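Open the model in your viewer and keep the selection tool at hand. This tour goes stop by stop.

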Amino acid sequence: MSKLKLATVWLDGCSGCHMSFLDMDERLLELAEIVDVVYSPLVDTKKFPDEVDITLVEGAVASVDDEKKIRKIRDHSKTLVAMGDCAITGNVPSMRNPIGPEAILDRAYIQNASAQAQIPCVVVPKLLRVVRPIHEFVKVDVFLPGCPPSADTFHTALTALINGGPLDIPALTRFGA
Amino acid sequence: MSQVESDVKTLVIDEQEVSAQAGQTILEVALENEIKIPTLCHLEGLSDVGACRLCLVEIKGNSKLLPACVTVVQEGMEVSTNSERLQKHRRTILELLFAERNHICSVCVSNGHCELQTLGQEQGLTHVRLPYRNPELGVDASHERFTVDHNRCILCTRCVRVCAEIEGAHVWDVMGRGINSVVITDLHEEWGKSTCTRCGKCVQVCPTGALFDKSKIGSDHPKYPDFLPYLNLMREAQ
């Protein structure tokens, strides 16, 4: 039997969910026997593959680039998992929403700059007016809240998703867990 | 009908026959019989206002849903507390509460001790289907001991009631209407300049991280509202 294709994606988040994923420790070896990590900040692939079985998405949609990415990811993923509070609620990145991107950029790149104060406008993607959870853009199949979801939560949820078993998420985790 | 008969009511809650005193609410009778109805604005020791609507129940023959905390039992009532319809409504109410203001659990002083967060988990909430409103709301840290963060307030009015009914100060109240409502101290004075007695009861009864003690660090902020029924009992005994 060929291995399941697993992808992980990092949008506007702190990478804490990926760190917690890695906290599965020796259980990652068992996981590696049944899945191939085909795309992830943890591997070197540059292009999102055409067909992925399970994609875990960390982070909220905060820029035009995030929005483009999440739509492409959805089109090429059988099961899309919103991983962690940023992907599900906007969480910390969304704290800029009441303030607006102009004030935030001004604070970061003008007021607090010690040299060459300027707001970056090339290469870096344009910020959206408000940071939104991914399910406001695409259909999400599984929501795994937590900041970050624990390694045990990852292990239990992934095992259930891979084997098609029952999965009671509120019994495992919650917002802010 | 004799006096004794009219004082005792018999009703059915979730197919369980229960008896109650006349004047008791459905919530009181349910709790006595270990039938759990989710609540948020209700707190033992305070008057009930039916603000949060989480305790809505179905009553046979009535097409309206009624809040159990302020609905008095009647003879022969048939109450259902946990139908699929009610579960759906409760989840929606919680989603509305989460979407209305800025509840960022991960960085909240009440993370892990919050009644809203716990209820969300108990009612099976894994995400909020409604768009977040992200209102711009203030934080008043002018008081030497306590802070009010309006981003986390769900307008349950427990603070208003405990201050008026138990402390007798009535410093807290609600200003504005509908979605623009906010809790205020005195006539919208800064909390630090208000007539607050610094008793801290409002902080202890607040179900979320809206009111908190400045001396607490991070999310290490459990609240202890259980002093209320005890205090009431001691006062009655005097």
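What follows is a list of selections, with a note on what each one shows.

**Before you start**

This is a predicted model, in which local features need pLDDT of at least 70, side-chain atom pairs count only at pLDDT 80 or more, and totals for chains, interfaces and linings use all residues. Residues are numbered from 1 along each chain as its sequence is written, while chains are lettered from A and ligands numbered from 1 in the order in which they are written.

**Stop 1: chain A as a whole**

Select chain A. It has 7 helices and 7 strands. Both kinds of element are DSSP runs numbered from the N terminus: helices are H or I with at least four residues, strands are E with at least two. Starting at the N terminus, the order is β-α-α-β-β-β-α-β-α-α-β-β-α-α. The radius of gyration of chain A is 17 Å, close to the 16 Å from the globule rule for 177 residues, so chain A is as compact as a globular protein of that length. That radius is taken over C-alpha atoms, and the rule is 2.2 Å times the number of residues to the power 0.38.

Of the 177 residues in chain A, 40% are buried. A residue is buried if 20 or more other C-beta atoms lie within 10 Å of its own, exposed if 12 or fewer, and partly exposed in between, with C-beta atoms placed from the backbone.

Now consider contacts, meaning two residues whose C-beta atoms, placed from the backbone, lie within 7 Å. In chain A, 81% of the contacts with a separation of 6 or more join residues 24 or more positions apart.

**Stop 2: the sheet of chain A**

Show the strands of chain A. Five of them form an open sheet, in the order E2-E1-E3-E5-E7, with parallel pairing. Two strands pair if DSSP finds at least two bridges between them. At the edges are E2 (35-39) and E7 (142-144) of chain A, each pairing on one side only. From one strand to the next, the twist averages 25 degrees.

Zoom in on E1 (residues 4-10) of chain A. It runs parallel to E2(A), and 4 bridges join the two. Pick A:Leu6: its bridge partner in E2(A) is A:Val37.

**Stop 3: where the chains meet**

Show both chains. Their contact takes 22 residues from chain A and 19 residues from chain B. On the chain A side, the elements giving two or more residues are helix H4 (85-89) and helix H7 (169-172). H4(A) gives the largest share, 3 residues.

**Stop 4: chain B as a whole**

Select chain B. It has 7 helices and 10 strands. Its radius of gyration is 19 Å, close to the 18 Å that the globule rule gives for 238 residues, so chain B is as compact as a globular protein of that length. The C-alpha trace of chain B spans about 60 × 50 × 30 Å along its principal axes. Buried residues make up 38% of the 238.

Colour chain B by domain. Domain 1 covers 3-82 and domain 2 covers 87-237; these bounds come from an automatic or database domain assignment. The C-alpha centres of the two domains lie 25 Å apart. Their contact takes 16 residues from domain 1 and 22 residues from domain 2.

**Stop 5: a mixed sheet in chain B**

Show E2-E1-E5-E3-E4 of chain B. In that order, these 5 strands form an open sheet with mixed pairing. E2 (16-21) and E4 (62-67) of chain B stand at the edges with a single partner strand each, so one side of each has no neighbour in the sheet.

Select E3 (residues 56-59) and E5 (residues 78-80) of chain B. They pair in the antiparallel sense over 2 bridges. B:Glu58 has B:Ser80 as its bridge partner in E5(B).

**Last stop: B:Gly61**

Select B:Gly61, in the loop between E3 and E4 of chain B. Is B:Gly61 buried or exposed? It counts as exposed, because it has 7 C-beta neighbours inside 10 Å. Finish with B:Met77, which is 16 residues from B:Gly61 along the chain; their C-alpha atoms are separated by 9.1 Å.

Definitions and conventions. Axes are lines fitted to C-alpha atoms, for helices over the stretch in contact, and angles run from 0 to 180 degrees between N-to-C directions.
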